[in-house]
Amino acid sequence: MLITIVESPLDAILKLRHELLRPDRKPEELVSQADISDMAIHLIATINGQTAGMLSAGPEPCPFNPCDNSWRLRGLAVIESARRRGVATALLKSVIARSHAKGARALWGLTRMAAVATHIRLGFETIGEPYEIPPTGPHCSTFVRLTDALVSLLSHPQRPRNVVGRHCV
Ligand SMILES: CC(C)(COP(=O)(O)OP(=O)(O)OC[C@H]1O[C@@H](n2cnc3c(N)ncnc32)[C@H](O)[C@@H]1OP(=O)(O)O)[C@@H](O)C(=O)NCCC(=O)NCCS
């Protein structure tokens, strides 16, 4: 099984974001500040050439842990038949490396509970208590500082689990 990560136009990402994450909203309603920056990164993952998931990131101030050069994660999703094969992990690793190379020094997100463990394994921590975002359910605020050491650690094929971080209680 070969997971490939490629950059994508925002239009294609918004269509997938609508289909996989927010069918209740139109694609054009799902755009945030981070998405439309010239620096933004929009990634699609494929398995053997078939679309398997997507993730975006771009510069946007972090509302719960302000710091310089923070980027927001947007729209992580993996199609149901491709889950639990490392696609989300590959997308997050790729965004960490690519955003760090473009000058990002922290990544943050409003993360659905289903994805929190995957974030923590890659060095994110949760900030504060879980909360509801209707209609999509419980979320945690997640945050990671992008250091040379973290990027280097995650670039190795095998790495220890639970680099840093803690779960919401
Ligand atoms: C949350 C979501 C993005 C995770 O995607 P994914 O590609 O399944 O994630 P990964 O495969 O990287 O990791 C998920 C699990 O599979 C395990 N896994 C990864 N590769 C594996 C492999 N090759 N074999 C077996 N298990 C594997 C991981 O250890 C992890 O285990 P855990 O659930 O015990 O923590 C996906 O389920 C999804 O799109 N859900 C709906 C939308 C959503 O919630 N999006 C998040 C928005 S913030």
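## The largest pocket

The largest pocket in the predicted model has a volume of about 1,300 Å³, and 44 residues line it. Of these lining residues, Leu76, Ala77, Arg112, Ala115 and His119 lie nearest the centre of the pocket. Several elements give two or more residues to the lining, namely helix H1 (10-20), strand S4 (70-78), helix H3 (87-101), strand S5 (106-112) and helix H4 (113-121). Strand S4 provides the largest share of the lining, with seven residues.

Sorted by class, the lining of the largest pocket holds 19 nonpolar residues, 11 polar residues and 14 charged residues. Rolling a probe the size of a water molecule over the atoms shows where empty space is left.

## Around the ligand

There are 18 residues around the ligand, and those that come nearest are Leu76, Val78, Arg84, Gly86 and Thr89.

For Arg85, a backbone N or O atom lies 3.2 Å from an oxygen atom of the ligand. For Gly86, a polar backbone atom is 2.7 Å from an oxygen atom of the ligand, while for Thr89 an N or O atom of the side chain is 2.5 Å from a ligand oxygen atom.

## Helix H4 and His119

The buried residues of helix H4 are Ala115, Val116, Thr118, His119 and Ile120. These buried residues pack against S4, H3, S5, strand S6 (125-133) and strand S7 (137-145). Just after H4, Gly123 takes a positive phi of about 110 degrees.

A polar atom of the His119 side chain lies 2.8 Å from the backbone oxygen of Ala115. When neighbours within four places in sequence are left aside, His119 is in contact with Leu73, Leu76, Leu92, Thr111, Phe124 and Thr142.

The side chain of Arg121 is joined to that of Thr118 by a polar contact of 3.4 Å. Arg121 and His42 stand 79 residues apart along the chain, and their C-alpha atoms are separated by 22 Å.

Arg74 has its place in strand S4. Although the residue is charged by class, Arg74 is buried, with a relative accessible area of 17%. Its side chain makes a polar contact of 3.1 Å with the side chain of Ser32. Leaving aside neighbours within four places in sequence, Arg74 is in contact with Arg17, Leu30, Ser32, Ala34, Asp35, Leu55 and Ser56.

## Backbone features in the loops

Most residues other than glycine have a negative phi, and most peptide bonds are trans.

Asn69 has its place in the loop between strand S3 (50-59) and S4. The phi of Asn69 is near 55 degrees, a positive value in a residue other than glycine, and with 49% relative accessibility Asn69 counts as partly exposed. Arg84, one of the residues that come nearest the ligand, is placed in the loop between S4 and H3. The phi of Arg84 is likewise positive, near 60 degrees, and Arg84 is exposed, with a relative accessible area of 86%. The peptide bond from Pro134 to Pro135 is cis, with omega near 0 degrees, and Pro135 belongs to the loop between S6 and S7.

Methods: Residues are numbered from 1 along each chain as its sequence is written. This is a predicted model: local features need pLDDT of at least 70, side-chain atom pairs count only at pLDDT 80 or more; totals for chains, interfaces and linings use all residues. Side-chain values use heavy atoms; hydrogens and water are left out. On a 1 Å grid over the protein atoms alone, a cavity is a set of points where a 1.4 Å probe fits but cannot get out, and a pocket is an open set with protein on both sides within 12 Å along at least five of seven lines; lining residues have an atom within 4 Å of a point. Grid points are joined across faces, edges and corners, and a volume is the space filled by probe spheres set on the points. Helices (H or I, at least four residues) and strands (E, at least two) are DSSP runs, numbered from the N terminus. A polar contact is a pair of N or O atoms within 3.5 Å; within protein, one must be able to donate a hydrogen and the other to accept it, and residues adjacent in sequence count only if both atoms are side-chain atoms. Contact means heavy atoms within 4.5 Å. A residue is near a molecule or strand if one of its heavy atoms lies within 4 Å of it. Buried means under 20% relative accessible area, exposed over 50%, partly exposed in between (1.4 Å probe, protein chains only).
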